[in-house]
Amino acid sequence: MALTTEEVKKVALLSRLELSEGEVEKLGRHLNDLLSQFEKLQLADVTDVDPLAGVVASSNVFRDDVSGEPFPREEMLVNAPEVRDGCIIVPRIIEG
Amino acid sequence: MTARELGVRLNRKEISAVEVTSAFLNRIQQLDDKLKAFVTVIGNEALSQAKAVDDRRSNGETLGLLAGVPIAVKDNMCTRGVPTTCSSRILEQFIPPYDATVVSRLRDQNMVILGKTNLDEFAMGSSTENSAFFTTRNPWDMDRVPGGSSGGSAAAVAAGLAPLALGSDTGGSIRQPAALCGVAGLKPTYGLVSRYGLVAFASSLDQIGPFAIDVLDTALVLDAIAGHDPMDATSSEQSYNPVFPQLQAQGEIKGIRIGIPKEFYAQGVEAEVSDLVRRGIEALCSVGAEAEDCSLPTAEYGLATYYIIAPAEASSNLARYDGVKYGLRSKAANGHIGMTEKTREEGFGAEVKQRIMIGSYALSAGYYDAYYKRAQQVRSLFCRDFDRLFQKYDVLITPTTPSPAFRIGEKADDPLQMKLSDVCTLPCNMAGLPGLSIPCGFIDGLPVGMQILGKRFDELTVLRVARAYELATGLAAKRPLLDGGR
């Protein structure tokens, strides 16, 4: 089951990656190499086997509800790409 | 000199932490232009940390064995005020406002952090060739890779640029470079070491662990970083019993049962590598261990299972790099979706993009059951297989890698070949087991690693077996000859 160029572009969209044509071709080839390896999994007998998300017995972990010191705003904003008046600037998302 | 010997001499005030730190910084300055193990060296900060330790000791304070001992940290662990890049363009300018828990714990021990080491971008790779900045060299042969993704940490310890280092291991990223660089590297049991402040790759598999030149030093660092952390919901609440004192007290391995899973000696593993590991097992038997062949049938699904689960988790974890709050933002942006797409296109390298794509695909509607769910079911089988073997054996011993270090560029254009170099290390992460690689010999001057896997939370037995091996063979003592003009 090989991915077509169109499917590669769709996965790129889902991944929020704007790929060049060259990348679509190369990544598509590499993806298909790997997918051919995945076919092997269909041979595994998984009848009545539960999927395992992680090895830690999963239950919700709660902490006590106590207030703490937040990170200083200035220190947090040091890493923001664009800042004005203590706020992060982003492109307009609502027209009007 | 081992880290603990340094610690003893520091405690006796025969040497000062400033002298020790300066010596390592000098060696970094001498050799790292060629080796390229470090992304960032924090010389001034390291020297002032060292000075503070010296001051406390001269004021009569008694400090721990690691106080004043330098360490290098892989550049995917947050260090307050010091860039943490993940060797990625997208985080090139990122300065964390907090320390990862492991980093705080190193500071609690008064250790001196020398700098941040190179890795494959976001810890995705097996050679450091996927670093956005440069490829680290193997100290045993500068034309070869150090392994990865924690290649910078492994190379730094092997070349004596740092006595100790931290790495992270999602599918072999500590053990594989440890093997290729001829040092000890431990991936602890999942949940033993906090992941808080480790930049997430595949959260159900990632684990932080130490590199050192021998087993006792490895144990010493493990004791410093292990134990419950409320900031990591997957951190085990079991109380931690330090292994270093127990290892010093108990060297005997008489009656230890070793399983030799045959699948790890096939799958393209070079015959010379298998031979060296089998000779290592014989050495252990000569000091009282018992070994027999066994089978882990699920092993053949390791690569497929891992390369669905890890990228699926990565595609979700890396969705946060959208150019909004921190990290790179593309200047060519147009609209908010365009900004995200362009930022990620410019900020991520080819391997990271590939893994995000695999993950998105495996999780997408229509393919979820065939890929992701099935991989998780096979993951259950891995746990069952290992549980069954560990009813019978105390440890399993395998080669760490199928071959010694490969040449830079040799596998760079063939991602599948590159991934096959991890076949022996992947199963351990799937089941959350502790796994250690220690040097077990050389092929044409290149180190070969032996992997010891143990029961969950039984680091002690893994380390005891490794220590017994070192004592029986004296192999930990070999270092690469790096001085002069190589």
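A: Start with burial: a residue is buried under 20% relative accessible area, exposed over 50% and partly exposed in between, with a 1.4 Å probe and protein chains only. Asp232(B), at 7% relative accessibility, counts as buried. This is a predicted model, in which local features need pLDDT of at least 70, side-chain atom pairs count only at pLDDT 80 or more, and totals for chains, interfaces and linings use all residues. Residues are numbered from 1 along each chain as its sequence is written, chains are lettered from A and ligands numbered from 1 in the order in which they are written, and side-chain values use heavy atoms, with hydrogens and water left out.

Q: Which residue forms a salt bridge with Asp232(B)?
A: A salt bridge is a side-chain nitrogen of Lys or Arg within 4 Å of a carboxyl oxygen of Asp or Glu. The partner of Asp232(B) is Arg195(B), with 3.7 Å from N to O. Helices (H or I, at least four residues) and strands (E, at least two) are DSSP runs, numbered from the N terminus. Arg195(B) sits in the loop between strand 5 (184-187) and strand 6 (207-212) of chain B, and Asp232(B) in the loop between helix 7 (215-225) and helix 8 (243-249) of chain B, so the pair ties together parts 37 residues apart in sequence. Arg195(B) is buried too, at 14% relative accessibility.

Q: How many salt bridges does the structure hold over all chains?
A: The total is 27. One of them joins Lys116(B) to Asp75(B), with the closest N and O atoms 3.0 Å apart. These two are 41 residues apart: Lys116(B) belongs to strand 3 (residues 112-117) of chain B, and Asp75(B) to the loop between strand 2 (70-74) and helix 4 (101-108) of chain B. Both Lys116(B) and Asp75(B) are buried. Another bridge pairs Glu92(B) with Arg89(B) at 2.9 Å, N to O. Glu92(B) is partly exposed, with a relative accessible area of 31%, and Arg89(B) is partly exposed at 36%.

Q: How is the interface between chain A and chain B read?
A: The size of an interface is often given as the accessible area lost when the parts come together. Buried area here is the accessible area (1.4 Å probe) that two parts lose on being put together, summed over both. Between chain A and chain B that area is about 5,200 Å², with carbon and sulfur atoms giving 66%. In chain A, Glu18(A), Leu41(A) and Asn79(A) lose the most area to chain B, together 13% of what that side buries. Contact means heavy atoms within 4.5 Å, and the contact takes 54 residues from chain A and 65 residues from chain B.

Q: How many salt bridges are there between chain A and chain B?
A: The count is four. In one salt bridge, the side chains of Glu18(A) and Lys342(B) meet at 2.4 Å, N to O. Glu23(A), Glu345(B) and Lys353(B) are linked in a network of salt bridges.

Q: Which residues of helix 1 of chain A are buried?
A: An α-helix has 3.6 residues a turn, so residues three or four places apart point the same way. In helix 1 of chain A the buried residues are Val8(A), Val11(A) and Ala12(A). They cover an arc of only 105 degrees around the axis, which puts them on the same side of the helix; the arc is that of the directions from the helix axis to the C-beta atoms. The face turned away from the buried side carries the exposed residues Glu6(A) and Lys10(A). The cover over the buried residues includes helix 2 of chain A together with helix 12 (350-363) of chain B.

Q: Where do the backbone angles need a second look?
A: Most residues other than glycine have a negative phi, and most peptide bonds are trans. Phe122(B) has a positive phi near 55 degrees and is buried at 2% relative accessibility. Phe122(B) lies in the loop between strand 3 and helix 5 of chain B. Asp85(A) also has a positive phi, near 50 degrees, but is exposed, with a relative accessible area of 72%. A cis peptide bond joins Gly148(B) and Ser149(B), with omega about 5 degrees.
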